[in-house]
Amino acid sequence: MVNWFNSQSRLVQIILLLIPGVNWVVEVLVRWSKFLKSKDGLSLVIAIVVTIFGLVFGWVDLVWVLLFKHLLFAK
């Protein structure tokens with residue numbers, strides 16, 4: 001899911017992160033797939049935080065995507 005999200009155009013990424021319900025679902029899927037792929041502690045912590053506070057974290061990621069074209073801690 002991480003590779004899929006990062007391979008999308010910036011416009012698609014921004015649209016996915018602008019819609020609040022879709023934002024949370026995309027965040028949770030990308031973060032947990034990142035953890036399952038890398039198995040590191042930081043990915044686990046971020047996945048848990050995003051699952052609980054996904055909407056707030058999603059707005060931070062929206063700005064991050066605008067600047068760097070990938071999610072925070074998910075490159």
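Predicted model: local features only at pLDDT ≥ 70, side-chain atom pairs only at ≥ 80, totals over all residues.
Just after α3, K39 takes a positive phi of about 55°.

Helix α4 covers residues 41-68. A bend of about 105° occurs at F53. A straight helix of 28 residues would span 40 Å at 1.5 Å a residue, but the end C-alpha atoms of α4 span only 23 Å. Helix α3 gives another case. Its 19 residues should span 27 Å at 1.5 Å a residue, and the end C-alpha atoms of α3 are 27 Å apart, which agrees.

The buried residues of α4 are S43, I46, A47, V50, G54, F57, G58, D61, L62 and V65. These residues pack against α1 (2-7), α2 (10-18) and α3 (20-38). Helix α3 has its own buried set: N23, V26, E27, V28, V30, R31, S33, K34 and F35. The buried residues of α3 pack against α1, α2 and α4. Charged residues occur in both lists. Among them are E27 and R31 in α3, and D61 in α4.

These charged residues take part in salt bridges. Side chains of opposite charge can pair when their charged atoms come close. The structure holds 2 salt bridges. One of them joins R31 to E27, with the closest N and O atoms 3.5 Å apart. Both residues lie in helix α3, 4 residues apart, about one turn of the helix. R31 and D61 are both buried. Through shared partners, the salt bridges join E27, R31 and D61 into one network.

I15 lies in helix α2. I15 and L62 are 47 residues apart in sequence, yet their C-alpha atoms are 9.2 Å apart in space. L62 is one of the buried residues of α4. I15 is partly exposed, with a relative accessible area of 43%.

L44, V45, I48, V49, I52, F53 and V56 make a nonpolar surface patch of about 610 Å². F53 is therefore both a member of this patch and the site of the α4 bend. V56 lies in α4. At 57% relative accessibility, V56 counts as exposed, because the cut-off for exposed is over 50%.

The segment after α4 includes H70. Is H70 buried or exposed? With 14% relative accessibility, H70 counts as buried; the cut-off for buried is under 20%. Not counting residues up to four places away in sequence, H70 touches N6, W64, V65 and K75.

Conventions: Residues numbered from 1 in each chain as written. Heavy atoms only, no water. Patch = residues over 30% accessible without salt bridge, like charges linked within 9 Å, V, L, I, M, F, W, Y side chains within 5 Å. Areas by Shrake-Rupley, 256 points an atom, 1.4 Å probe, with all protein chains shown as cover. Salt bridge = Lys/Arg side-chain N within 4 Å of Asp/Glu carboxyl O. Helix = DSSP H or I, 4+ residues; strand = E, 2+ residues; numbered from the N terminus. Buried < 20%, exposed > 50% of the residue type's maximum accessible area, 1.4 Å probe, protein only. Bend = angle between axes of the 7 residues up to and from the residue. Contact = heavy atoms within 4.5 Å.
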